[in-house]
Amino acid sequence: MKSKIVVTGGLGFIGSHTVVELLQNNYEVVIIDNCSNSSEAVLDGIYNITGIQPVFEKLDLRQKEKVIDFFNRHNDVTGVIHFAASKAVGESVENPLLYYENNLNTLVYTLQALEHTAKANFIFSSSCTVYGEAEELPITENAPVKPAISPYGNTKQIGEEIIRDLAQVKPNFNAIALRYFNPIGAHQSAEIGELPIGVPLNLVPFITQTAAGLRDQLSVFGNDYPTPDGTCIRDYIHVVDLAKAHVVALERLLHKKNIQDFELFNLGTGVGNSVLEVIQSFEKVSDQKLNYKIAPRRSGDVISAYADTTLANDVLGWKTSYNLDEAIASAWKWEQKIRNKNTD
Ligand code: WQD
């Protein structure tokens, strides 16, 4: 009997890659997505990779009654991986209530719907953004959570606290929050990948869209930071490595290996790369020059953030296998694939 896992936001960038890994590990998957930032066509990509068409229910998790009904119909669920959330930092500053409603109500309604399941194993998509500008690098899970610099980041902090509070009082509810560093790249098949809507906010899709001719020029937001080459440093993790970590974390709960009812893990490579190093990586793997300029700093950017991966490696038993060049090459292959598809 296959174990049934619900993946909320399962048509999204990280969600779809995690669905592929779950299917390839013989789990039954039910995807919930409201398609506000994703497309049902992603199901075709998942099918082309795995040969399996997972059950998909288009559902807005802000509709509490529908969420309760869903989990009543799927009361044999053994685990939930919760990706569903809005994630644009800048948009969250302009429209905070949209983010508090979407990212927190959906989490609370999903958790309430699980109240009646015999055993709930819950994986929460969190972010290194909770650390802000960390005093010490690399960043460990014990680093202080800083006052959020955006409502988006605040919803991740509050989300972790909601889950921690529930795990402390609800028997048979176990949870793991995964704090992602910077997810990039795409599945090597180029059947699924990142589909930013509009002008990309993140570095790597902006690079690949510039190289593909969709954007005129990349702006490097500041080269006067106190770093070796003056540009900000981040921990860029291949999305497939990240997806595999979700299966490992889920199985830690399913197999009752967790030590606490609520656990936290940083998910990164442990390597910090600057913006200019990412550009150099792209130029190397694509064998083409990138058109970029140095522009003013972007408000809210931290100078440097990269993970201490000790806990994930030694306790979770997971580590990354792709390096920066491989991740960038996969992002470029995906960009070329979707551009060719759009011109076909
Ligand atoms: C990386 C670096 C920019 C674009 C964000 C969210 C985080 C997570 C990942 C969701 C920075 C520079 C970027 C550009 C640039 N998302 N940059 N020109 O800000 O580290 O993290 O995305 O969970 O929560 O905060 O990622 O890719 O936007 O920026 O120079 O056009 O690239 O200044 O130094 P970030 P990013």
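1. The open sheet has seven strands in the order β3-β2-β1-β4-β5-β6-β11, and the pairing is parallel; strands here are DSSP runs of E with at least two residues, helices are runs of H or I with at least four, and both are numbered from the N terminus, while two strands count as paired if DSSP finds at least two bridges between them. Because β3 (55-58) and β11 (262-267) stand at the edges with a single partner strand each, one side of each is left without a neighbour in the sheet. From one strand to the next the twist averages 20°, where axes are lines fitted to C-alpha atoms (for helices over the stretch in contact) and angles run from 0 to 180 degrees between N-to-C directions.

2. This is a predicted model, in which local features need pLDDT of at least 70 and side-chain atom pairs count only at pLDDT 80 or more, whereas totals for chains, interfaces and linings use all residues. Residues are numbered from 1 along each chain as its sequence is written, and side-chain values use heavy atoms, with hydrogens and water left out.

3. Within the sheet, strand β1 (residues 4-8) runs parallel to strand β2 (residues 28-33), and five bridges join them; in this pairing Val6 stands opposite Val30 of β2.

4. The ligand is surrounded by 18 residues, the closest being Tyr152, Leu203, Ser219, Arg234 and Asp301, with a residue taken as near if one of its heavy atoms lies within 4 Å of the molecule. This shell divides into 10 nonpolar, five polar and three charged residues (nonpolar: Ala, Val, Leu, Ile, Met, Phe, Trp, Tyr, Cys and Pro; charged: Asp, Glu, Lys and Arg; polar: the others, Gly among them). Strand β8 (residues 218-221) gives the largest share of the shell, four residues.

5. The ligand lies between domain 1 (4-185 + 237-267) and domain 2 (203-234 + 270-308 + 322-343), because both give residues to the shell around it; these bounds come from an automatic or database domain assignment.

6. Some backbone details deserve a look. A cis peptide bond with omega of about -5° joins Leu137 and Pro138, and Pro138 lies in the loop between β5 (120-127) and α6 (151-169). Asn26, a residue other than glycine, has a positive phi near 70° and is found in the loop between α1 (13-24) and β2.
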